[in-house]
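Visitor: Please take me through one part of this protein slowly. I would like to look at a sheet and how its strands pair, and then at what surrounds it.

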Amino acid sequence: MASTASGSLVLPLSLVVISLAFLLKVEGQNLVTDNVSVVEGEMATISCRVKNNDDSVIQLLNPNRQTIYFKDVRPLKDIRFQLVNFSDNELRVSLSNVSLSDEGRYVCQLYTDPPQEAYADITVLVAPGSPIIESREDVVSEGNETELTCTAAGSKPAASIRWMKGDEEMTGETTVEEMYDQMFTVTSRVRFLVSKEDDGMPVDCVVDHPAANDLLAQRNLEVQYKPEVKIVVTYPEGLTREGDNLDLTCIAGGKPRPHQINWLRVEEDVPPHAVVTGSDLYIENLNKSFNGTYRCMAFNVVGEAYDDYILYVYDAPTTIPTPTTNPVNTQDSRAGEGAPPKLDHAVIGGVVAVVMFAILCALIVLGRYFARHKGTYFTHEAKGADDAADADTAIINAEGGHNNTDEKKEYYI
């Protein structure tokens with residue numbers, strides 16, 4: 001040991017060099033590890049890794065700083081810890097069937113001077129139990145509000161809850177309650193108005209948690225709604241005319257089904273001979289005094305509803321009298337009472353055309369006949385005058401020609 005005149009202690013140069021070399025050696029050996037999250041009941045793996053190790057010893061300690069593994073030796077008697085890999089650069093250990101009591105900070109330690117430590121935090125995840133969904137009422141009427149509650153208990157960390165009505169996402173009010181050992185119970189409530197379209201609609205409570213997948217509870221809505229009413233004309237198929245019969249059927253649905261169906265005539269009385277049988281209304285032998293609005297009303301515990309039918313009676317169809325001279329037509333008309341006679345206009349037109357053609361042909365023949373025989377008469381009468389030498393002789397011959405009956409021919413019709 002050397003000292004200066006002032007009394008200060010001076011370290012030997014060799015000792016200073018050794019100290020600096022040791023510090024550089026320690027800095028060159030980097031000890032690292034990783035935090036681990038594991039689901040309760042599954043396996044966790046802890047890895048202690050060393051960079052540029054100079055044969056220093058690696059060991060693993062539990063949160064209570066008890067040695068789990070010293071190099072490749074396990075002093076701790078917990079057989080759930082098993083050696084996965086041991087080398088100069090790594091000590092890797094597995095822990096099976098992890099429980100909440102295994103959660104904490106584990107220590108990777110490298111025997112240097114001073115020792116190096118790195119910390120691996122094990123976080124144990126606990127999945128919630130099956131969610132439970134409850135309703136304020138089992139059956140709700142359309143137009144009213146309903147409330148559903150969903151609970152996910154015993155999770156770590158706290159779960160989150162989403163609501164789905166069909167394909168529509170709804171927002172609920174969530175409360176989180178911490179129980180013990182950082183365990184949580186989550187409750188969510190959702191309120192909404194219902195309509196008849198919601199009857200049978202599934203509502204899902206979806207629970208999201210890193211330790212579980214596809215956790216949900218489902219409830220189908222049961223909605224009551226007032227009747228739906230429709231009037232169907234069973235007879236007649238076309239226009240309603242005087243003398244016809246009318247048959248109407250009232251089709252009524254709803255939840256629950258209507259317990260009462262009534263027929264009435266708006267602002268007037270139903271015709272006295274009208275017959276109501278269940279949901280059917282029957283009126284025979286219609287006339288214009290029956291015109292009006294006929295209403296079918298249906299009732300259930302939710303409410304009432306109706307549908308209207310407007311009756312307008314048209315005049316009865318007119319008929320053409322059947323000729324009595326045609327026995328075939330007479331029989332047909334009697335066989336189909338009220339049906340108009342069937343007239344074949346094409347046949348009538350053909351007969352008229354034939355008659356007109358025959359008359360025209362007769363006129364032409366008669367005309368030609370008269371023209372030919374009238375000319376013959378005048379020719380024989382003037383035959384003597386044509387051969388006379390002068391006018392006096394022609395007159396004498398013409399006069400004498402009247403007495404010659406053999407030469408003259410006359411035709412009368």
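Guide: Start with the open sheet of five strands, in the order β13-β21-β22-β25-β24, with mixed pairing. Its edge strands are β13 (140-141) and β24 (275-277), and each of them pairs on one side only. Some terms first. Helices (H or I, at least four residues) and strands (E, at least two) are DSSP runs, numbered from the N terminus. Two strands pair if DSSP finds at least two bridges between them. Strands of a sheet pair through backbone hydrogen bonds, either parallel or antiparallel.

This is a predicted model: local features need pLDDT of at least 70, side-chain atom pairs count only at pLDDT 80 or more, and totals for chains, interfaces and linings use all residues. Residues are numbered from 1 along each chain as its sequence is written, and side-chain values use heavy atoms, with hydrogens and water left out.

Two bridges pair β13 with strand β21 (residues 223-235), in the parallel sense. Find Val 140: its bridge partner in β21 is Val 223. Next, look for the peptide bond between Tyr 235 and Pro 236. This bond is cis, with omega of about 0 degrees. Pro 236 sits in the loop between β21 and β22 (246-255).

Turn to another sheet. Three strands form this open sheet, in the order β23-β26-β27, and the pairing is antiparallel. β23 (260-265) and β27 (304-311) are the edge strands, each pairing on one side only. On average, neighbouring strands of this sheet are turned by 20 degrees against each other, direction ignored. That angle is taken between axes, which are lines fitted to C-alpha atoms, for helices over the stretch in contact; angles run from 0 to 180 degrees between N-to-C directions. Strand β26 (residues 292-299) runs antiparallel to β27, and eight bridges join the two. Phe 299 stands opposite Glu 304 in β27.

Two loop residues deserve a stop. Asn 52 is not a glycine, yet has a positive phi of about 65 degrees. Its loop runs between β5 (44-51) and β6 (58-61). Asn 52 counts as exposed, at 52% relative accessibility. Asp 181 is also not a glycine, and its phi is positive at about 50 degrees. Look for Asp 181 in the loop between β17 (173-178) and β18 (184-193). With a relative accessible area of 53%, Asp 181 is exposed. Buried means under 20% relative accessible area, exposed over 50%, partly exposed in between (1.4 Å probe, protein chains only).

Finish inside. A nonpolar core is a set of buried Ala, Val, Leu, Ile, Met, Phe, Trp, Tyr and Cys residues joined through side-chain atoms within 4.5 Å. The largest has 26 residues, and Leu 60, Ile 68, Phe 81, Leu 91, Tyr 106 and Ile 122 touch the most other members. Strands that each supply at least two residues of this core include β5 and β6. Leaving aside neighbours within four places in sequence, Ile 122 is in contact (heavy atoms within 4.5 Å) with residues including Val 36, Ile 46 and Tyr 106. A second, separate core of 21 residues includes Ala 152, Ile 161, Met 170 and Val 194.
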